[in-house]
Amino acid sequence: MFDGYYNAFWFLLIGLAFVAMNLFISSLIRPSDPNPVKLTPYECGEESEGTGFVRFNPRFYVIALVFLIFDIETVFIFPWAVVLKGAGAHVLIHMMIFLSILAVGLVYSWGKGDLDWIKQPTQW
Amino acid sequence: MVQWLAENVFQYIAFMILPFLESWTWMPWYTIALLHVAGVILGVISVLAMFLIWLERKVSAHIQDRLGPMRVGGWHGWAQSIADGIKLLLKEDIIPAMADRPVFIVAPFIAFAVAFMSFIVLPFSQHIIVADLNIGVLYVYGLSTITVIAIIIAGWASNNKWSLLGAVRSAAQLVSYEIPVGLSILAGIVMAGSLSTVEISMQQSGGVWNWFIWRCGPFSVIAAILLYIGALAETNRTPFDLAEAESELVSGYHTEYSGFRFSLFFLAEYTNMFIASALVVILFLGGFTGLVPISFVPDVLAGPFWFLLKTLLLVFVMMWIRWTLPRLRVDQLMTTCWKYLIPIALVNLGIIGLWTSISG
């Protein structure tokens, strides 16, 4: 039924139920003795200062953006990969053109310094 | 009188009350069967994770010329994982004071549920599979991306600067390595012509010479190795384990988790290792087909045997690599992915596409 996704749905529910059940059992048999020192965030023994919501470097955002482009590219290649066997040469050439356009994109972002972890002065 | 009772009251019971006493009859038979299978697989995962944790400790110990757990349970400490599991159940559940409670609680649910859901497409034999989705491999690939969400929200909700930094670094790493993994998976799919895991494994049946890893010469070997390296990075294993490096960010995104919540992340990690190795086995190493076609052993026994043997061997190699290689720095990690693995994977995919469409 539903071509196998029915099973996936029930597995999701069972996975969540398994976790919930175990946490419930754990809540029955574990101690609960909160005191303020235990509840402070761990900073290798020092007193913590400020909240935990620090600002982090925008390079993470840039990596996520570049990932998005390549992931969508990968998703587009999936149907081609399934039908390639037994199809003609034009199928291959179309995809090679697509891949090369995206490779140009990779080279561009490489040259622009988007893939560097440490920011270099821009070269282009 | 008795006859009246027998005819009416018992009939009343049979028709009106029994269905509620047998309380599952409102569920169709296939759901009940599925629940049983899910229960079995839960058991398998738990035992597998416990076994892999024990194995990891033994492997790491022997590589470091020591012995590892030896006492719990008698023979080489086999019950150590069970003891550790029970200990973690008994630990106090400390949620930090300013932590985002609902998000903090949800994170291990997502991490584990996703790992558990990937099990439905693993073929233990041609017919021993929970759901032979016709997009099986894409399903597993997609699910592995959801783990990133669990990690980010775990780090964010912990109200701990280092957890947050560990989480975003880990997310950046996981997300970057999705691409060489995807491109290598595509190389395998190109050789197979189908996304169904059973179909891919059946195409490699008949012996070790039919496996996809040597089908396109050295290029498919490269694809398999790239997939394996990507799998190491996807499951946060050394040399890519900066996110949970014990010597750096304490424990990264799961620093603030205690008790069973922590063990859920652990379970999810070892399950993901198994799934990633299983993916490599299905796509390149023949899935459940054997080294040589043995006809006198029934398929039901031979299939799971070969599948588990190959997958566990690859998991063992993951552990071996962990205790042999030093950790990569985060910028080396990113450089490896974007500047080496992705160009190689792209070119490799092109060559394998060319080879497959020529040799048909």
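The predictor assigns the complex an ipTM of 0.87 and a pTM of 0.88. Chains are lettered from A and ligands numbered from 1 in the order in which they are written, while residues are numbered from 1 along each chain as its sequence is written. Local features need pLDDT of at least 70, side-chain atom pairs count only at pLDDT 80 or more, and totals for chains, interfaces and linings use all residues.

**Confidence**

- The predictor's confidence in each residue is expressed as pLDDT, from 0 to 100.
- Chain A averages a pLDDT of 83, and 85% of its residues score at least 70.
- Chain B averages a pLDDT of 86, and 92% of its residues score at least 70.
- Among the elements of chain B, helix α1 (residues 2–21) has the lowest mean pLDDT (64), whereas α8(B) has the highest (93).
- Where pLDDT is low, the predicted coordinates should not be read in detail.

- Chain A has four helices and zero strands, in the order α-α-α-α along the sequence; helices (H or I, at least four residues) and strands (E, at least two) are DSSP runs, numbered from the N terminus.
- Of the 124 residues in chain A, 17% are buried; a residue is buried if 20 or more other C-beta atoms lie within 10 Å of its own, exposed if 12 or fewer, and partly exposed in between, with C-beta atoms placed from the backbone.
- The contact between the chains takes 57 residues from chain A and 67 residues from chain B, two residues being in contact if their C-beta atoms, placed from the backbone, lie within 7 Å.
- On the side of chain A that touches chain B, α1 (5–29), α2 (36–39), α3 (59–83) and α4 (89–112) each supply at least two residues, and the largest share, 15 residues, comes from α1(A).
- The residues of that side divide into 41 nonpolar, 11 polar and five charged; Ala, Val, Leu, Ile, Met, Phe, Trp, Tyr, Cys and Pro count as nonpolar, Asp, Glu, Lys and Arg as charged, and the others, Gly among them, as polar.

- Helix α9(B) reaches 38 Å from its first C-alpha to its last, close to the 38 Å expected for its 26 residues at 1.5 Å a residue; the expected span is 1.5 Å times one less than the number of residues.
- In α9(B), 24 of the 26 residues are buried.
- Gly286(B), which follows α9(B), has a positive phi near 95 degrees.
- The 24 residues of α10(B) (299–322) should span 34 Å, and the end C-alpha atoms are 34 Å apart, which agrees.
- The buried residues of α10(B), including Trp306(B), Phe307(B) and Leu314(B), pack against α2 (29–63), α8 (218–234) and α9 (259–284) of chain B.

**Nonpolar core and an exposed residue**

- The largest nonpolar core has 133 residues, and those with the most contacts inside it are Ala111(B), Leu227(B) and Val280(B); such a core is a set of buried Ala, Val, Leu, Ile, Met, Phe, Trp, Tyr and Cys residues joined through C-beta atoms within 7 Å.
- Helix α6 (residues 161–192) of chain B gives the largest share of this core, 20 residues.
- Among the residues that Val280(B) touches are Leu227(B) and Leu314(B).
- Val47(B), in helix α2 of chain B, is exposed because 12 other C-beta atoms lie within 10 Å.

Key
Lists of a residue's contacts leave out its neighbours within four places in sequence.
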